[in-house]
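I opened this model to jot down how the chain is put together. My entries follow the picture below.

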Amino acid sequence: MSALYFDSASTTPVDADVVAAMTDALRAASGNPSATAHRYGRAAAQRVGSCRQQIADELGCEPDEVIFTSGATEADNLALTGVARAHADKGRHLIVSAIEHRAILACAEQLERDGFEVTRVRPDANGVIAPAAIAAAIRPDTLLISLMHTNNEIGVIQPIEAIACSAAKAIPISKTTPPSGFYTG
Ligand SMILES: Cc1ncc(COP(=O)(O)O)c(C=O)c1O
C-alpha cells in the first residue's frame, strides 16, 4: 500500500524546480555573500541580491524590506519582538490568535514578561478567527496584529483579507501610525 501524506499544512515535499534551483546555487555560488572582497563571494552576493529583488517584486515591497531568516521561529521572533521593541513608545499592546504556532505564543509570553499586553483572540468552533473579533480587540495603543494564514495543526485558512479590512476600519482615526500586520505560515 502506498503511503499518503496528510501534513502539508505543516510542511510540503520540495518542488522539483526548487530542488534544481537550490542545487545550482549550491554548486555554482557557494561563496560567502558577505565576503565581497573575492569573486566567489561576489557571485554569491549577486545571486542573493537577485533572489531578494524577485521576492520583493512578487510581494510588492522594496528589496531591503526582505529579510532572510534560518526558519519560521526566527522570523516570528524578529517580527514580534522587533516591532514591539522598536515602537514601544507608541503603544504596548499586541493581538494574536489563541491558536497561533507555539513560536508566536512563546514570543508573546516573553513580551508580556517584558511589560507588553497581549490579547489572544479565540476562534469559532471551526477554528476561524472572525474579522469582527480582531476589530473589537484593537485599542488605541495596539502596535501589532499577528495571525497565521494556514493553521499547521487543523489546516484552517484564516480570512486574512477580510480581517485586514475590518482591522483597518477599527484603527482609531487620530492614530498616526497604524498597527503592523504580519501573517505567517
Ligand atoms: C507560524 C510558524 N512559526 C514557526 C514554525 C516553526 O518553524 P521552524 O521549524 O522553521 O522554526 C512554523 C512551522 O510550521 C510555523 O508555521
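**Entry 1: overall layout**

I started with the domains: the protein splits into domain 1 (16-65) and domain 2 (72-184), with bounds that come from an automatic or database domain assignment. This is a predicted model, so local features need pLDDT of at least 70 and side-chain atom pairs count only at pLDDT 80 or more, while totals for chains, interfaces and linings use all residues. Residues are numbered from 1 along each chain as its sequence is written.

I looked up the gap between the domain centres, taken over C-alpha atoms, and got 31 Å. The C-alpha atoms of the protein fill a box of roughly 55 × 55 × 30 Å along the principal axes.

Next I listed the elements: six helices and four strands. Helices (H or I, at least four residues) and strands (E, at least two) are DSSP runs, numbered from the N terminus. Read from the N terminus, the order is α-α-α-β-α-β-α-β-α-β.

I also checked burial, where buried means 20 or more other C-beta atoms within 10 Å of a residue's own, exposed means 12 or fewer, and partly exposed is in between, with C-beta atoms placed from the backbone. Buried residues come to 17% of the 185 residues. For contacts, I used C-beta atoms, placed from the backbone, within 7 Å. Of the contacts between residues at least 6 apart in sequence, 63% join residues at least 24 apart.

From first C-alpha to last, α1 reaches 18 Å, close to the 18 Å expected at 1.5 Å a residue (the expected span is 1.5 Å times one less than the number of residues).

S34 sits in the loop between α1 (16-28) and α2 (39-59). S34 counts as exposed because it has 10 C-beta neighbours inside 10 Å. I also took S34 to T11: they are 23 residues apart along the chain, and their C-alpha atoms are separated by 30 Å.

G41 belongs to helix α2. I found 16 other C-beta atoms within 10 Å of G41, so it is partly exposed. G41 and G31 are ten residues apart in sequence, yet 4.6 Å apart from C-alpha to C-alpha. Setting aside neighbours within four places in sequence, G41 is in contact with G31, N32, P33, S34, A35 and T36.

**Entry 2: the strands around β1**

I call two strands paired if DSSP finds at least two bridges between them. Strand β1 (residues 93-97) pairs with β2 (residues 117-121) in the parallel sense over five bridges. Between β1 and β2, the chain passes through helix α4 (residues 102-113), and this β-α-β crossover is right-handed. Right-handed here means that, with the strands pointing away from the viewer, the path from the first strand over the helix to the second runs clockwise.

β1 also pairs with β3 in the parallel sense, over four bridges. Which residues are the bridge partners of I95? I95 has T119 in β2 and I145 in β3. H93 stands opposite E117 in β2, and L94 has L144 as its bridge partner in β3.

Four of the five residues of β1 are buried, so β1 is largely enclosed by the rest of the structure. β3 is mostly covered, with seven of its seven residues buried.

**Entry 3: the nonpolar core**

I used sets of buried Ala, Val, Leu, Ile, Met, Phe, Trp, Tyr and Cys residues joined through C-beta atoms within 7 Å.

The largest such core has 21 residues, and L80, A84, L94, A108 and L111 touch the most other members. Elements giving two or more residues to this core are α3 (72-86), β1, α4, β3 (142-148) and α6 (160-170). β3 supplies the largest share, five residues.

I followed up on L111: not counting residues up to four places away in sequence, L111 touches L80, T81, A84, L94, F116 and V118.

Methods
Two residues are in contact if their C-beta atoms, placed from the backbone, lie within 7 Å.
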